[in-house]
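Here are my notes on this model, as numbered points. Please read them with the structure open.

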Amino acid sequence: MTKTFLAAFAVCVLLSAGLAAADTPRDAILTEFLSQAKSADPGFAGFSATRGETLFRGNHAGGKPDTPSCTTCHGAAPQDKGRTRAGKEIDPIAVSAAPKRFTDPAEVEKWFGRNCNSVLGRECSAVEKGDFITFMMGQ
Amino acid sequence: MRKWIILAVLLGGAPAALADERLPPITNEAVKKECGACHMAFQPQFLPQRSWRKMMDGLSDHFGEDASLPEATRLEIAAYLEANAGDVSGSREGRKFVKSIAADQSPMRITEVPRWVGEHRGEVRESAWSDPRVRSKANCVACHRGADSGWYDDD
C-alpha cells in the first residue's frame with residue numbers, strides 16, 4: 001500500500017517537474033525581454049496581449065512589399081497551420097497548438113530579427129517581442 | 001496477393017534502375033534546417049557555384065524576404081552549396097542544368113534555368129501553377145513528392 005502510494009507520488013513529482021521544466025525556457029525568454037524593456041523604460045508596466053494582437057494582425061508599411069503582415073505567413077488564426085510564400089506549411093504559432101513555440105532563444109531571436117525586418121522594415125523592440133509572445137501564449 | 005508482390009518488386013527495383021537520375025540528398029544539417037524553413041531545401045546541384053555565391057552574399061534581401069543568418073552558419077552553408085554545385089558535383093542532372101545556363105549568367109532561381117523551363121514546358125498545365133495547393137513554382141514537393149530526398153522522376 002505505502003509502496004503504491006510512494007510510486008504514485010514519485011510519478012506525480014516527476015510529471016510536474018517535467019511540466020515545469022518545459023515551461024522554463026519560455027519564461028526565461030520572457031524574463032529577458034522584460035528586463036530589456038525595463039532598462040529602456042524603468043516605468044514599464046508589463047507586456048500586453050492586446051498590443052501583441054495588434055502587432056500580429058496589423059498591416060504595416062515600411063517593410064518589404066510582399067510581406068505586409070505577420071498573418072501573411074502565420075495565417076489569421078494562430079491555432080492553424082501557416083503557409084509561406086513558397087507554399088510550405090508551417091506549424092501553428094499559438095502555444096496551445098504548438099507547445100514548443102518560443103522555447104529556443106536563438107530561434108526566437110533569429111525569427112524576430114528576420115520577420116520584423118521583412119514586415120516592419122526594422123527590428124522589433126523588447127516590448128513588441130514580449131507582447132507578441134504573451135498574446136500567443138493565450139492563444 | 002501476387003499482384004502486390006510484383007508491384008512491390010517493381011517499386012523497390014525502380015530506384016536502383018533510375019539511380020542516375022536521382023539527385024544526392026542533402027547531408028549538411030545546417031543546410032537542411034536553415035534552407036528548409038521557408039521552402040524545401042533545394043539540392044545545390046541545380047545551380048552553379050557562381051549562383052550560390054551571389055545568393056549567399058545577399059540573404060538580407062532573399063526574394064523579398066530577410067533570410068539572414070549568423071556569420072558562422074552562413075559560411076558553413078555557403079561552403080556546402082558551393083562544394084556540391086552543379087558545375088563541380090558528379091551529378092548528371094546537375095551537369096545538364098548548369099550546361100543549359102549561359103556562361104555570363106548567374107541565375108538565382110532554379111525555376112529560371114533553361115533546362116528547368118524545358119522540362120516543365122508542356123508537362124504542366126498553366127493553371128496548375130496557380131493552384132492553391134501549389135502556389136509557387138518553387139513548391140517542388142507539391143508535384144514531386146520525393147523531391148526532398150532527390151527524386152524528381154516520379155510522376
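1. Chain A, burial and layout. Buried residues account for 35% of the 139 residues in chain A. The model is a predicted one. Chain A holds 5 helices and 2 strands. Along the sequence, the order is α-α-α-β-β-α-α.

2. Chain B, burial and layout. Chain B has 155 residues, and 41% of them count as buried. Its elements are 8 helices and 0 strands.

3. What is its volume? The value is about 1,100 Å³. The lining counts 36 residues, and those closest to the pocket centre are H74(A), I93(A), R101(A), W111(A) and N115(A). Elements of both chains contribute two or more residues: α3 (71–74), β2 (89–90) and α4 (105–120) from chain A, and α2 (29–34) from chain B.

4. Which element gives the most to it? The answer is α4(A), with 10 residues. By class, the lining residues of the second largest pocket split into 17 nonpolar, 7 polar and 12 charged.

5. Aromatic pairs, and a tilted one. Over all chains, the structure holds 9 aromatic pairs. In F56(A) and F135(A), the ring centres are 6.1 Å apart and the planes stand at 45 degrees, so this pair is tilted. The cut-offs matter here: planes under 30 degrees apart would be stacked, and over 60 edge-to-face. The pair joins distant parts of the chain, with F56(A) in helix α2 (residues 49–57) and F135(A) in helix α5 (residues 126–137), both of chain A. The two residues are 79 residues apart. The limit for buried is under 20%.

6. An edge-to-face pair. F112(A) and F132(A) have ring centres 5.7 Å apart. Their planes are at 80 degrees, so the pair is edge-to-face. This pair, too, links distant parts of the chain: F112(A) belongs to helix α4 of chain A and F132(A) to helix α5 of chain A, 20 residues apart. F112(A) is buried, at a relative accessible area of 9%. F132(A) counts as buried at 7% relative accessibility.

7. The ring cluster. Which residues do ring pairs link into a cluster? They are F33(A), F56(A), F102(A), F112(A), F132(A) and F135(A). Both pairs described above therefore have their members in this cluster, given that rings pair if their centres lie within 6.5 Å.

8. Charges over rings. In chain A, the charged end of R114(A) sits over the ring of W111(A), 4.6 Å from the ring centre. W111(A) is also among the residues closest to the centre of the second largest pocket. In chain B, K137(B) lies over the face of W129(B), with 5.7 Å to the ring centre.

9. The largest nonpolar core. This core has 31 residues, of which V31(B), I77(B), L81(B), I110(B) and Y152(B) touch the most other members. The elements giving two or more residues to this core are α2, α3 (49–56) and α4 (71–83) of chain B. The largest share is from α4(B), with 4 residues. In soluble globular proteins, nonpolar side chains tend to be buried together.

10. A40(A) lies in helix α1 (residues 2–40) of chain A. At 67% relative accessibility, A40(A) counts as exposed. From C-alpha to C-alpha, A40(A) and S125(A) are 9.9 Å apart in space, and 85 residues apart in sequence. D57(B) is in the loop between α3 and α4 of chain B. D57(B) has a relative accessible area of 58%, so D57(B) is exposed. How many residues separate D57(B) and R133(B) in sequence? The separation is 76 residues, with 31 Å in space, C-alpha to C-alpha.

How values were computed: Residues numbered from 1 in each chain as written. Chains lettered and ligands numbered in written order. Predicted model: local features only at pLDDT ≥ 70, side-chain atom pairs only at ≥ 80, totals over all residues. Heavy atoms only, no water. 1 Å grid on protein atoms, 1.4 Å probe; cavity = no way out; pocket = protein on both sides within 12 Å on 5 of 7 lines; lining within 4 Å. Points joined across faces, edges and corners; volume = space filled by probe spheres on them. Nonpolar A, V, L, I, M, F, W, Y, C, P; charged D, E, K, R; others polar. Phe/Tyr/Trp six-rings, centres within 6.5 Å; stacked < 30°, edge-to-face > 60°. Buried < 20%, exposed > 50% of the residue type's maximum accessible area, 1.4 Å probe, protein only. Lys NZ or Arg CZ within 6 Å of the ring centre and 35° of its normal. Core = buried A, V, L, I, M, F, W, Y, C linked by side-chain atoms within 4.5 Å.
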